[in-house]
Amino acid sequence: MLPMTLEEIVGGSKTGYSLETFEDSTITAVSLRMTEKTGKPYLNCLARKKEVQAKPEEVIRQLLLQQFAVEIAIEQSEAAALAYLEG
């Protein structure tokens with residue numbers, strides 16, 4: 001069982017960070033990459049390909065990376081579809 005949720009790690013008004021701008025699917029995707037080591041939450045970093053401690057700023061960083069990865073994948077998919085249709 002993980003010791004905290006992303007919302008608890010981010011801390012809201014105490015840290016100045018908020019999850020409000022992120023879609024639920026983005027939050028869920030990052031939450032699924034969370035693990036526990038010695039009672040502390042860690043996230044598998046998309047960019048560094050290693051586990052990093054899930055501090056508030058790291059959670060926001062991972063949410064942004066997840067959001068960008070999805071947006072890039074959609075754009076690449078759309079470009080591939082257009083290229084196929086244009087033949």
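These notebook entries record what I looked up in the structure above.

**Entry 1. Ground rules**

I note that this is a predicted model, in which local features need pLDDT of at least 70 and side-chain atom pairs count only at pLDDT 80 or more, while totals for chains, interfaces and linings use all residues. Residues are numbered from 1 along each chain as its sequence is written, and side-chain values use heavy atoms, with hydrogens and water left out.

**Entry 2. The nonpolar core**

I began with the largest nonpolar core, which has 13 residues. I take a nonpolar core to be a set of buried Ala, Val, Leu, Ile, Met, Phe, Trp, Tyr and Cys residues joined through side-chain atoms within 4.5 Å. Buried means under 20% relative accessible area, exposed means over 50%, and partly exposed lies in between (1.4 Å probe, protein chains only). Which residues touch the most other members of this core? I found Leu6, Leu19, Ile27, Leu43, Val59, Ile60 and Leu63. At least two residues of this core come from each of helix H1 (6–10), helix H2 (24–32) and helix H3 (56–86). Helices (H or I, at least four residues) and strands (E, at least two) are DSSP runs, numbered from the N terminus.

I then followed Ile27, setting aside its neighbours within four places in sequence. Ile27 is in contact with Leu6, Glu7, Leu19, Phe22 and Leu63, where contact means heavy atoms within 4.5 Å.

**Entry 3. Helix H3**

I checked the length of H3 against expectation. The expected span of a helix is 1.5 Å times one less than its number of residues. For the 31 residues of H3 this gives 45 Å, and the end C-alpha atoms are 45 Å apart, which agrees.

Which residues of H3 are buried? I listed Pro56, Glu58, Val59, Ile60, Gln62, Leu63 and Gln66. The buried residues of H3 pack against H1, H2, strand S2 (40–44) and strand S3 (51–53). Tyr84, also in H3, is instead exposed, with a relative accessible area of 70%. The C-alpha atoms of Tyr84 and Leu64 are separated by 30 Å, the two residues being 20 apart along the chain. After H3 comes Gly87, whose phi is positive, near 70°.

I looked at Glu58 in helix H3 and found it buried, at 5% relative accessible area. Its side chain makes a polar contact with the side chain of Arg48 at 2.7 Å. A polar contact of 2.7 Å also joins the side chains of Glu58 and Gln62. A polar contact is a pair of N or O atoms within 3.5 Å; within protein, one must be able to donate a hydrogen and the other to accept it, and residues adjacent in sequence count only if both atoms are side-chain atoms. Leaving aside neighbours within four places in sequence, Glu58 is in contact with Leu43, Arg48, Val52 and Gln53.

Not counting residues up to four places away in sequence, Gln66 touches Thr26, Ala29, Val30, Arg33 and Leu46.

**Entry 4. H2 against H3**

Two packed helices are described by the angle between their axes and the distance between the axes. The axes of H2 and H3 come within 9 Å and cross at roughly 115°. The contact is made by Thr26, Ile27, Ala29 and Val30 of H2 and by Gln62, Leu63, Gln66 and Gln67 of H3. Axes are lines fitted to C-alpha atoms, for helices over the stretch in contact, and angles run from 0 to 180 degrees between N-to-C directions.

Val30 and Cys45 are 15 residues apart in sequence and 9.3 Å apart in space, C-alpha to C-alpha. Apart from residues up to four places away in sequence, Val30 touches Leu6, Leu43, Gln62, Leu63 and Gln66.

**Entry 5. Two loop residues**

I looked up Thr38 in the loop between strand S1 (34–37) and S2. Its phi is near 45°, a positive value in a residue other than glycine, and Thr38 counts as exposed at 76% relative accessibility. Lys49 sits in the loop between S2 and S3. Lys49 has a positive phi of about 55° although it is not a glycine, and it is exposed, with a relative accessible area of 65%.
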